[in-house]
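Here is a short briefing on one protein model. Please keep the structure open while you read.

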Amino acid sequence: MNKLKPIQATTKINEIVSLQVAPANIIKGENCLINSGKFIAHFGKNPLIVGGKKTLKLMENYLNPIGEEFNLTLSYQSYSPDCSENSLKQLEKAVKSHHADVIIGVGGGKALDTAKLLAYNCNLPVITIPTSGATCAAWTALSNIYSESGAFQYDVSLKNCPNLLILDYNLIATAPPHTLIAGIGDAIAKWYEASISSGNSTATLTIAAVQQGRVLRDILLQKSEIALKNPLSEEWKEVVDATVLLAGVSGGLGGASCRTVAAHAVHNALTHLPEVHHQLHGAKVAYGILVQLRLEEIVTNNQLATTARQQLIKFYRQIGLPCTLEDLGLNNITLAQLRHCAELTCQPSSDIHRLPFTVTLEELTAAMVSTTV
């Protein structure tokens with residue numbers, strides 16, 4: 001009898017794909033934070049809580065009772081002045097001195113980005129607790145790094161999404177309405193960026209990522225106006241779920257090219273102008289979508305982009321998103337400032353180069369000043 005030969009692998013493994021699609025655990029609901037103590041305690045006994053100074057003061061009312069009930073030693077640390085390299089170095093010292101075994105990020109996008117990257121650098125679990133619906137930072141495996149003056153520098157891809165995300169609707173409802181409006185602007189960009197960079201892809205996961213962006217857009221177009229008028233209504237909760245949770249899925253499935261293209265590239269450049277530092281991330285991204293659509297019109301004569309842009313302008317004006325440089329507060333922007341912004345947007349490392357066509361400085365400048373033409 002012949003001996004059986006070992007079965008040989010016939011397919012060569014080219015790469016190992018690591019997907020950071022979602023947090024490992026999610027708790028969401030009305031007043032759910034106060035009942036999340038046992039889940040927080042599961043990850044450690046010495047949490048380091050990272051946020052802005054005002055937010056940390058607010059969160060003491062929520063977290064101190066949890067700390068007492070579950071015998072946790074809490075340390076509150078501000079990330080100020082920004083999610084910067086220097087801030088991270090200072091926080092790493094705080095991690096060591098506190099003997100922290102879990103990081104808890106509380107607040108908006110920059111606070112949560114800081115907490116995630118701090119946990120990544122220190123090889124610790126991270127819990128995110130968003131205090132507004134302004135971004136999907138509580139969900140994603142990504143952190144943006146800024147200068148101490150608030151100018152975007154670069155982003156860092158992380159190995160995993162957060163270990164636990166706690167979405168307390170009542171906590172989110174205490175945030176000013178313009179934070180959720182900004183979140184809508186940031187989230188709706190997923191469709192417009194993913195569809196142009198990856199809409200022709202035949203890869204299954206990329207197709208799924210692009211279509212998730214379309215679903216997200218449709219939810220926001222249909223429900224945002226009524227949601228903003230009725231906090232804590234079912235429509236409001238669905239929009240919050242869309243901005244905080246669903247908005248992170250496209251980038252997780254499709255990768256960087258589905259996550260940011262021209263709209264975010266314009267945002268990144270605008271952060272270098274002190275005059276718009278008061279504008280939230282999503283407001284600048286929303287304006288960037290109109291610039292991207294305008295570029296499609298100018299460079300490729302795309303009439304579908306014209307229709308989409310006009311639809312968005314109407315939507316923006318209904319809910320209060322900026323349509324022009326003037327809406328951003330740049331009424332007196334000089335030609336030199338505008339050109340510098342265009343140069344930053346078009347630098348070699350910029351995400352704008354994920355567009356399927358080349359953009360010149362002159363075309364970008366023209367698009368930036370003609371978003372409502």
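How close do the axes of helix α11 (residues 262–270) and α12 come, and at what angle do they cross? In this predicted model, the two axes come within 7 Å and cross at roughly 125°.

**α11 against α12**

- The crossing of α11 past α12 is right-handed.
- On the α11 side, the contact uses A262, A263, H264, V266, H267 and L270.
- On the α12 side, their partners are H281, K284, V285, Y287, G288, I289, V291 and Q292.
- By class, this contact holds eight nonpolar, five polar and one charged residue.

**α12 against α13**

- α12 also packs on helix α13 (residues 303–319), at an angle of about 160°.
- Their axes are 9 Å apart.
- Angles over 145 degrees count as roughly antiparallel, so α12 and α13 are roughly antiparallel to each other.
- The crossing of α12 past α13 is left-handed.
- α12 brings A286, Y287, I289, L290, L293, R294, E296 and E297 to the contact.
- α13 answers with A305, T306, A308, R309, L312, I313 and Y316.
- The residues of this contact divide into ten nonpolar, one polar and four charged.

**α7 against α8**

- Helix α7 (residues 204–229) and helix α8 (residues 234–244) have axes that come within 9 Å.
- These two axes cross at roughly 140°.
- α7 and α8 are therefore oblique to each other.
- Their crossing is left-handed.
- From α7, the contact takes L216, I219, L220, K223, S224, I226 and A227.
- From α8, it takes E235, W236, E238, V239, A242 and T243.
- Eight of these contact residues are nonpolar, two are polar and three are charged.

**The buried side of α15**

- Which residues of helix α15 (residues 361–368) are buried? They are L364, T365, A367 and M368.
- These residues cover an arc of only 160° around the axis, which puts them on the same side of α15.
- The buried residues of α15 pack against α12 (281–300) and α14 (335–345).

**L118, a buried residue in α4**

- L118 sits in helix α4 (residues 109–122).
- Is L118 buried or exposed? Its relative accessibility is 0%, so L118 counts as buried.
- Leaving out residues up to four places away in sequence, L118 touches L48, V50, L88, L91, E92, V95 and I103.
- One of these partners, V95, is 23 residues from L118 in sequence.
- In space, the C-alpha atoms of L118 and V95 are 8.9 Å apart.

- Most residues other than glycine have a negative phi, and most peptide bonds are trans.
- S80 and P81 are joined by a cis peptide bond, with omega of about 10°.
- P81 lies in the loop between β3 (75–78) and α3 (85–98).
- H99 is not a glycine, yet has a positive phi of about 55°.
- H99 belongs to the loop between α3 and β4 (102–107).
- With 60% relative accessibility, H99 counts as exposed.
- N123 is not a glycine either, and has a positive phi of about 55°.
- N123 is placed in the loop between α4 and β5 (126–130).
- N123 is exposed, at a relative accessible area of 70%.

**S349, between α14 and α15**

- Where is S349? S349 is in the loop between α14 and α15.
- S349 is exposed, with a relative accessible area of 62%.
- S349 and L361 are twelve residues apart along the chain.
- The C-alpha atoms of S349 and L361 are separated by 15 Å.

Key. Residues are numbered from 1 along each chain as its sequence is written. This is a predicted model: local features need pLDDT of at least 70, side-chain atom pairs count only at pLDDT 80 or more; totals for chains, interfaces and linings use all residues. Side-chain values use heavy atoms; hydrogens and water are left out. Buried means under 20% relative accessible area, exposed over 50%, partly exposed in between (1.4 Å probe, protein chains only). Helices (H or I, at least four residues) and strands (E, at least two) are DSSP runs, numbered from the N terminus. The arc is that of the directions from the helix axis to the C-beta atoms. Contact means heavy atoms within 4.5 Å. Axes are lines fitted to C-alpha atoms, for helices over the stretch in contact, and angles run from 0 to 180 degrees between N-to-C directions. Angles under 35 degrees count as roughly parallel, over 145 as roughly antiparallel, 65 to 115 as roughly perpendicular and the rest as oblique. A crossing is left-handed if the near helix is turned anticlockwise from the far one by less than a right angle, and right-handed if clockwise. Ala, Val, Leu, Ile, Met, Phe, Trp, Tyr, Cys and Pro count as nonpolar, Asp, Glu, Lys and Arg as charged, and the others, Gly among them, as polar.
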